[in-house]
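The following note sets out some numbered points on the model shown below. Please read each point with the structure in view.

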Amino acid sequence: MKQVYFYDEGDGKNKKLLGGKGAGLCEMTQLKLPVPPGFTITTQVCNEYYQNGKKLPKTLMAEVKKNITKIEKRTGKKWNSKENPLLVSVRSGAAISMPGMMDTILNLGLNDETVEGLAKKSNNPRFAWDSYRRFVQLFGKVVFGVDDKKFDVVLENAKLNQAVQADSALNEKSLKSVVTEYKKICEKHTGMPFPSDPFEQLELAIKAVFGSWMGERAIVYRERNNITKDIADGTAVNVVSMAFGNMGNDSATGVVFTRNPGDGTRHLFGEYLVNAQGEDVVAGVRTGKPVDEMKIEMPASYKQLEQTCERLERHYKEPQDIEFTIERGIFYLLQTRNAKMNAVGMVKTSVDMVNEKLIDKNRALTRLHAEQLEQLLHKTIDSKSIKNYTLLVKGIAASPGAASGIAVLDVKRATAMGENGAKVILVREETKPEDVPAFFESVGILTSRGGKTSHAAVVARGMGKPCIVGCSDLRIDYDNKQFSVDDKIVHEGDAITIDGSTGSVYLGEIPTTEPKITDDFKTILEWAQKVKQLGIRANADTPEGARLAREFGGQGIGLCRTERMFNGSDRIGLFVDMIMAENIEERKKVLTKLGELQKSDFIEILKAMEGYAVTIRLLDPPLHEFLPNPEELNQKIHKLEQKNEIAELEKAKILLKRAKELAEINPMMGHRGVRVGITYPEIYEMQIRAVFEAAAELAKNKVDAHPQIMIPQISSIAELNHIKKIYDNIKKEMESKYNMKLKINFGTMIEVVRAALTANELASTAEFFSFGTNDLTQGTFSFSREDVEGKFLPEYMDKEILERNPFQSIDVNGVGSLMKIGISAGRNIKPDMEIGICGEHGGDPNSIKFCHNANLSYVSASPHRIPIAIIAAAQAAI
Ligand code: PEP
Ligand code: MG
């Protein structure tokens, strides 16, 4: 297998083999752009290096030598020469760029003899010795792992001795003694002489670059950015002849973007430094000048830079991020890669490049990272201010956006303070449905338990409020109204800031920036709407949610969780009364009142979604979730006993008894969904009636409403038929009451494994299916959706037992297979059956791709994720 590719022979498209940098250099060389000669050692060699117990393949260095000879021929310089020495840079380069995460060595090939050659040839001994000291320092750090500070001390002393301030003011003599000192530091560290043979240097440098692939920085970066083995497996090594930007005032080095990465506008954006090496710019040792100034200072080179940028953009059809060096007036391109831009920049350049006829609309859509567009839809932390604040802790990023406000640990206090206009961040161990009123009044939610599909996460996402969950290092002390992380204590009332996009919690109130929905973004969404095939619906249970969804381009509601409607502060009491009712008559009385409230809620939502389907799901959670938890009740009882408040005490005791009766060890698999509907039929009857009443009233008022009723937690056709009978009776009753036909589709969720497996039976009754992939994932893995993320899941991902969080991105092989069984069974019975997805996966780009390929009718996502879903659906269709 070929181990080394000279730049004029490598395939510029093969980033996997040559790494991004190597492939780019091959491509540019073959385009006849001014790239210094060099070669790439493949990523496969990196893998062999690790397979062989960190040994280079035996034949590698012979190959390397052959290619060094080629460089010699191209440059006229000689390896290890005292006259005109060839020096090289040795750089990492994986298939995906990982800026600053791996190692680079410059000026390799210098020793006590070649440095003299360089001095002579360049006619600049100071430059030669400066290059040498840079080489020894970088080599010492990267290859031997010497602490950089040791070198810094020597350099500082040299400046003191010579009484100068800048590194660039050090003279040849000082630099010579710095080199001697630097070598001594290395020799002390390794116990061996500093290597002077350039091939020995090169071999060590290649090993060090391979070694940096498994360095901690690089591993963490790959984890954070989801760079899995199938995306990038090992780093390549680039050996390139040096071009010197530090040969005098006619030399320079710089980094430019062909378009502004902050806002996408079309102009060269970047910095350059005269008489400097690339590392100075990248490491920020010296501050560069804006590249615009080069127009005046080095007009000919600027012109070449401009032309090169144009050519590269035309070739790659992407804005580029370029490194260049000018050696004595000669322009060299050292690297090009697709520019990393923020979401605003990506969107603007997509639209602009279509207008410039550089790309077509499909390419404009596929080049976007759907996930990144989230930035455009939520408040973000002001990036300039962030450095002035302390990061307190990190949890699971559950609902994006930033919020700052005062921490409040109690639901009632949070509600009251929020109503009075305070910006409140609700901090709890976990939340329950009865806490929802406090969500409305809070600007953000932070919990120490739970995962991405826990109650707090799901509710917050639905409301578009920033939320962090599973922040397990947070110790909450309700009694003393404070929480802590290690020895840092935050008292209720202290200001905190949460970033639900990253999971970070900060002390203090950090300014936030408002989202921007630019005209360009609207244009992109219009293009996406035209190509996508999937329908996009919203998970929404309020008229505001429905309106927002529509504004963002949503076409219907795929999941209206009716239990949320019981959580308003004007009705949670009624719902508790219903649960506490001692007999059926009493319960029905309360249910009549609740029915009126539900009917008016449905009317508002159906109006907001006029013209589109609204899927109303009947009550799902177990009843005890609406009661206070027994622990809190016990505390309350204790206090009431002390105060001797007999009447209140009696009430609390009855409540506690009922809460205990209803409590379950495993509520997620307990008395919930259709099981409640069967055992307390009056609840489902009330809800079904409320839907029909709302539909009839809207029909009278000529509102084009399309409600449909969906039953949760179905596992058998018998359950579904049981509820269907209730539905049929009410339908008959309502149609005769209003003297009109009412078309309200009756369907089921597929969220229990057995439902997926018996979908053919269910399809005989159900008019539509909707996959509840939150519960379906829970059931398929037997992972508790409430606990998993705070417990073993992170370790599973670390150890690559799971590649992705299955609650976030569909587990294609498991859950996906069940879905396929369900889809084909359903469509076998009813070929045009509407089948959608309403689990959290409905807003995840990877899952959306799966849904598109599986021929689903629609995906349903939180209103705030709808634009992302639209773009992801378009990308799947292209
Ligand atoms: C699901 O299980 O995927 C679903 C949408 O229902 P919930 O999250 O309300 O259980
Ligand atoms: Mg569910």
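1. D775 counts as buried because its relative accessibility is 5%; buried means under 20% relative accessible area, exposed over 50%, and partly exposed in between, with a 1.4 Å probe and protein chains only. E751, at 4%, is also buried.

2. This is a predicted model, in which local features need pLDDT of at least 70, side-chain atom pairs count only at pLDDT 80 or more, and totals for chains, interfaces and linings use all residues. Residues are numbered from 1 along each chain as its sequence is written, chains are lettered from A and ligands numbered from 1 in the order in which they are written, and side-chain values use heavy atoms, without hydrogens and water.

3. The magnesium ion (ligand 2) has E751 (OE) and D775 (OD) as its protein donors, 2.0 Å away. Donors are N, O and S atoms within 2.8 Å of the metal (3.2 Å for Na, K and Ca); water is not among the atoms, so sites may look incomplete.

4. Helices (H or I, at least four residues) and strands (E, at least two) are DSSP runs, numbered from the N terminus.

5. Which residues come nearest to ligand 1? Of the 14 residues around ligand 1, these are R561, R617, G772, N774 and R785; "around" requires a heavy atom within 4 Å. Helix α29 gives the most to this shell, with 3 residues.

6. An oxygen atom of ligand 1 lies 2.7 Å from a side-chain N or O atom of R785. For D775, a backbone N or O atom is 2.9 Å from an oxygen atom of ligand 1.

Key:
Polar contact = N/O pair within 3.5 Å; in protein donor to acceptor, adjacent residues only side chain to side chain.
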